[in-house]
Amino acid sequence: MNPKYHLLIVDENPYVADILVQTLKTDFSITVANTGQDAARLLIQGQRFDCVLTELNLPIFSGLELTKLIRMSKLIFQTPIIVLSNAPDSNTRIECLEQGVDSYISKPFNPLEVKAKIHAILRRSSRDEIREPASARLQSEDKPFWLPKSRILSLLFRGSLATHSA
């Protein structure tokens, strides 16, 4: 049996996250993060994902900042990113694509369309490189890879210090 591709879903709305999990769980292994900070912590701790689905408008650490964090990593910069958002203007969608988002799906969305989009993106990335699911990759990749003085990282840890001190 082939290992399933591992998805990271980042959305603060539990209803949206649950719909995605219910639709995608037969085809993918899924981890859900309720905030951008939680998602960034998972990535910094060495968790690997084959695709990231993120809401754009997350408090403190947005989906766009999460995208920048992934794209600056030497180990996971090729991870496909799909943004699910209700941002009404095309300038936001254009900015997302320019910052490295692979696909943008407007809310409300059809969960079956999201599933088809993920399969298409993973198929395309498999052709570009020999790609195995994150769960099958060697553990030797699990080395620290974040620049210690990055703005994004400082935002992440500043927010986590405030959370832990309360």
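Residues are numbered from 1 along each chain as its sequence is written, and side-chain values use heavy atoms, without hydrogens or water. Because the model is predicted, local features need pLDDT of at least 70 and side-chain atom pairs count only at pLDDT 80 or more, while totals for chains, interfaces and linings use all residues.

**The sheet**

Helices (H or I, at least four residues) and strands (E, at least two) are DSSP runs, numbered from the N terminus. Five strands form an open sheet in the order S2-S1-S3-S4-S5, with parallel pairing; two strands pair if DSSP finds at least two bridges between them. S2 and S5 are the edge strands, each pairing on one side only. From one strand to the next, the twist averages 20°. Angles here run from 0 to 180 degrees between N-to-C directions, and axes are lines fitted to C-alpha atoms, for helices over the stretch in contact.

S1 and S2 (residues 28-33) run parallel and are joined by 6 bridges. Val-10 has Ala-33 in S2 as its bridge partner, and Ile-9 stands opposite Val-32 in S2. Of the 6 residues of S1, 5 are buried, where buried means under 20% relative accessible area, exposed over 50%, and partly exposed in between (1.4 Å probe, protein chains only).

**Helices on the sheet**

Helix H1 (residues 14-24) lies across S1, S2, S3 and S4 and runs at about 170° to S2. H3 also packs on the sheet; H3 touches S1, S3 and S4, and its direction makes about 155° with that of S3.

How do the axes of H2 and H3 cross? They cross at roughly 10° and come within 10 Å. H2 is therefore roughly parallel to H3, a term for angles under 35 degrees. Gly-36, Ala-39, Ala-40 and Leu-43 of H2 meet Leu-66, Leu-69 and Ile-70 of H3; contact means heavy atoms within 4.5 Å. This contact has 6 nonpolar, 1 polar and no charged residues.

H2 has several buried residues, among them Gln-37 and Leu-42. Ile-44 also lies in H2, but Ile-44 counts as partly exposed, at 24% relative accessibility. Its C-alpha atom is separated by 9.8 Å from that of Ser-73, 29 residues apart along the chain.

**Nonpolar cores**

A nonpolar core is a set of buried Ala, Val, Leu, Ile, Met, Phe, Trp, Tyr and Cys residues joined through side-chain atoms within 4.5 Å. The largest has 23 residues, of which Leu-8, Val-10, Val-52, Leu-56, Leu-66 and Ile-70 touch the most other members. Strand S1 (5-10), helix H2 (36-44), helix H3 (63-71) and strand S4 (81-85) each supply at least two residues of this core. Beyond its neighbours within four places in sequence, Leu-8 is in contact with residues including Thr-31, Ala-39, Phe-49 and Val-52. A second, separate core of 16 residues includes Ile-9, Val-16, Ile-121 and Leu-122.

Most residues other than glycine have a negative phi, and most peptide bonds are trans.

| Site | Angle |
|---|---|
| Gly-46 | phi about 100° |
| Ile-60 | phi near 70° |
| Lys-107 and Pro-108 (cis peptide bond) | omega about -5° |

Ile-60 lies in the loop between strand S3 (51-55) and H3 and is exposed, with a relative accessible area of 57%. Pro-108 is in the loop between strand S5 (103-106) and helix H5 (111-128).

Key. Angles under 35 degrees count as roughly parallel, over 145 as roughly antiparallel, 65 to 115 as roughly perpendicular and the rest as oblique. Ala, Val, Leu, Ile, Met, Phe, Trp, Tyr, Cys and Pro count as nonpolar, Asp, Glu, Lys and Arg as charged, and the others, Gly among them, as polar.
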